[in-house]
Amino acid sequence: MNPFSYARAADVGAAVRELAGGGAAKLIAGGTNLIDLMQENVERPTRLIDISRLPLGRIENTAAGGLRLGALATNAETAYNDKVVNRYPLLARAILAGASAQLRNVATNGGNLLQRTRCLYFYDIATPCNKREPGAGCAAIGGINRMHALLGASEYCIAVHPSDMCVALAALDAVVQVSGSNGERSIPFDEFHRLPGDTPQLDTNLRADEIITAIDLPAEGFADHYAYLKVRDRKSYAFALVSVAAALRFDGDTIAEARLALGGVAHKPWRDRSAEAALHGKAASVENFHRAADAVLRDAKAYGGNDFKIVLARRAIVRALSHAARMGSRA
Ligand SMILES: Cc1cc2nc3c(=O)[nH]c(=O)nc-3n(C[C@H](O)[C@H](O)[C@H](O)COP(=O)(O)OP(=O)(O)OC[C@H]3O[C@@H](n4cnc5c(N)ncnc54)[C@H](O)[C@@H]3O)c2cc1C
Ligand code: SF4
């Protein structure tokens, strides 16, 4: 039994003050990940700060022509919002590929970004895990690592970030808006999540006293040519073995801009800008898509149980790009 206090935050400032107060305070939004982790004794907050009633649930246009997604809008509200469906269908698809309808009705956008890895050793407190207990070791290296990383891992941790939504947000160059004791700041999506290095206990660059207030999408939503492909063990209610968010913009018959983000392969949604740039000015051919896949995976390293994911990722990249290219007027 781990005792904890519970309080509802009156406003964002109050939530920040609670976090800045130190100790093991945790914000709770939908609770779909945090409560699981508390039940498994992985997270042991002494204070729970309920932010679910704060007015951070709006989805509205930004002055820059983009869209602001409130941190407390649910995943369902976001995926079915007209503006998201019409202008950012890649994001809607990615969200709907995750979890289940019941979970998406409760899970919030902010919570989705901060959900923790599904590495089974992370959840099993009887096993060594550097993410849960720095310095303890990593049971997944040499253990069951079918779901684990191919890119950007370290000798300390080979876990992957489990989110689908975040893969689309990475491809779309979203920006995370946060508020803390030192005021507000904007974090480009690429800089929000971290690679494990020798501090795998840190998933993100969010500071201990910061709350996510919104996620901003830029004006370009790639609504004409996009694909979200998620490969998983079951058709629903399963995390990605590999997922790919692909988005293309054409100038005539050639690719003017390409975006490619992978899920299920790294500690953060994986973008490779050099592989994207190599597609610019090229035809949308399977050969060029294979070259892009090879470039993304050139440093891929598997750990035995997940060897198959290198081939799977290559095929998924080619298929997602091909699907995006064939959409709409190019079908
Ligand atoms: C069975 C199951 C299957 C799932 N399958 C998938 C899947 O296939 N794909 C997928 O992407 N996800 C999946 N999920 C994960 C789900 O999407 C997340 O649990 C959910 O998005 C978390 O949101 P929440 O509001 O419930 O977060 P909570 O559980 O309330 O919080 C999660 C973390 O975020 C912090 N937090 C929450 N909001 C904020 C904020 N605004 N600012 C700062 N910190 C905050 C909390 O302190 C906590 O540390 C699954 C979950 C379950 C239980
Ligand atoms: S892969 Fe990371 S989360 Fe999994 S056991 Fe190793 S250190 Fe822990």
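Helices (H or I, at least four residues) and strands (E, at least two) are DSSP runs, numbered from the N terminus. This is a predicted model, where local features need pLDDT of at least 70, side-chain atom pairs count only at pLDDT 80 or more, and totals for chains, interfaces and linings use all residues. Residues are numbered from 1 along each chain as its sequence is written, chains are lettered from A and ligands numbered from 1 in the order in which they are written, and side-chain values use heavy atoms, with hydrogens and water left out. The chain holds 13 helices and twelve strands.

**The chain overall**

- The radius of gyration, taken over C-alpha atoms, is compared here with a globule rule of 2.2 Å times the number of residues to the power 0.38.
- That radius is 20 Å, close to the 20 Å that the rule gives for 331 residues, so the chain is as compact as a globular protein of that length.
- The C-alpha trace spans about 60 × 50 × 35 Å along its principal axes.
- Buried means under 20% relative accessible area, exposed over 50%, and partly exposed in between (1.4 Å probe, protein chains only).
- Of the 331 residues, 53% count as buried.
- Contact means heavy atoms within 4.5 Å.
- Among contacts between residues at least 6 apart in sequence, 64% join residues at least 24 apart.
- Accessible areas come from the Shrake-Rupley method with a 1.4 Å probe; for residues, only the protein chains shown count as cover.
- The chain exposes about 14,700 Å², and carbon and sulfur atoms supply 50% of it.

**Around ligand 1**

- A polar contact is a pair of N or O atoms within 3.5 Å; within protein, one must be able to donate a hydrogen and the other to accept it, and residues adjacent in sequence count only if both atoms are side-chain atoms.
- A polar side-chain atom of Asp-164 lies 2.7 Å from a nitrogen atom of ligand 1.
- Taken alone, ligand 1 exposes 980 Å², and the protein buries 94% of that.
- Strand E2 (25-28), helix H2 (34-39), helix H7 (109-114) and strand E8 (211-217) each give two or more residues to the shell.
- H7 supplies the largest share, four residues.

**Helix H1**

- H1 covers residues 12-20, and its buried residues are Ala-14, Ala-15, Val-16 and Leu-19.
- Their cover includes E2, strand E3 (47-50), strand E6 (175-180) and E8.
- At the start of H1, a side-chain oxygen of Asp-11 reaches to within 3.3 Å of the backbone nitrogen of Gly-13.
- Gly-22 follows H1 and has a positive phi, near 80°.

**Ser-52**

- Ser-52 lies in the loop between E3 and strand E4 (59-61).
- Ser-52 counts as partly exposed, at 36% relative accessibility.
- Its side chain makes a polar contact with the side chain of Asp-50 (2.6 Å).
- Leaving aside neighbours within four places in sequence, Ser-52 is in contact with Ile-28, Ala-29 and Leu-72.

**Arg-271**

- Arg-271 is found in strand E12 (residues 270-271).
- Arg-271 is buried, with a relative accessible area of 12%.
- The side chain of Arg-271 reaches the backbone oxygen of Ala-170 at 2.6 Å, and makes a polar contact with the side chain of Asp-173 (2.9 Å).
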